[in-house]
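Dear colleague,

Please find below the structure that I am handing over to you, followed by a short account of what was found in it.

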Amino acid sequence: MKSDNSTNPVNPVNSDNAVNSTTPANTDNLFDNEQTATEATATAATTEPPKQQRIGKQQRKSDFADFKAAYLSPAKLEKRHPVNIEDSVWAKLERIARILGDRDTSVGSYINAILSGHLELYADDIEVWRKL
């Protein structure tokens, strides 16, 4: 007998099925409305004291240069494969690649760099999980 996930969730701890939800779980600001991010920061600052020291302009530039070198370098993909992603995710990736990347930076090269970094970061864990 099959059970319906909406009435009898598999995971009783988290029964809202956020993965399959049609409502956005996180409405982050990707260059759309700068004021919203500022208001959120101001609200957070009034509720609790800041835990980090102020990041200087030189450090931000250095961090951006590192990010750009790691993820937004134009790359020619030799053997390409189509991947299906949600339109909202595509729009965010395209905006980042277009605004922050170089002229030849594409969404495909940005996605490839992100996934390569992810696989490298979790390579040891993936190998352990494979043997479970």
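Please bear in mind that the model is predicted. Ser-109 lies in helix α4, which spans residues 107–121. Its side chain reaches the backbone oxygen of Ser-106 at 3.0 Å. Once neighbours within four places in sequence are set aside, Ser-109 is in contact with Tyr-71, Ser-73, Pro-74, Ala-75 and Leu-77.

**The nonpolar core**

The largest nonpolar core consists of six residues: Leu-72, Leu-93, Ile-96, Ala-97, Val-107 and Tyr-110. Helices α3 (87–100) and α4 each contribute at least two residues to this core, and the largest share, three residues, comes from α3. As for Leu-72, residues up to four places away in sequence are not counted here; beyond them, Leu-72 touches Phe-67, Ala-97, Leu-100, Gly-101, Asp-102, Thr-105 and Tyr-110.

**The chain as a whole**

The protein chain holds five helices and zero strands, giving the pattern α-α-α-α-α along the sequence. Of its 132 residues, 8% are buried. The chain exposes about 12000 Å², and carbon and sulfur atoms supply 52% of that area. Among contacts between residues at least 6 apart in sequence, 70% join residues at least 24 apart.

With kind regards

Conventions:
Residues numbered from 1 in each chain as written. Predicted model: local features only at pLDDT ≥ 70, side-chain atom pairs only at ≥ 80, totals over all residues. Heavy atoms only, no water. Helix = DSSP H or I, 4+ residues; strand = E, 2+ residues; numbered from the N terminus. Buried < 20%, exposed > 50% of the residue type's maximum accessible area, 1.4 Å probe, protein only. Contact = heavy atoms within 4.5 Å. Areas by Shrake-Rupley, 256 points an atom, 1.4 Å probe, with all protein chains shown as cover. Polar contact = N/O pair within 3.5 Å; in protein donor to acceptor, adjacent residues only side chain to side chain. Core = buried A, V, L, I, M, F, W, Y, C linked by side-chain atoms within 4.5 Å.
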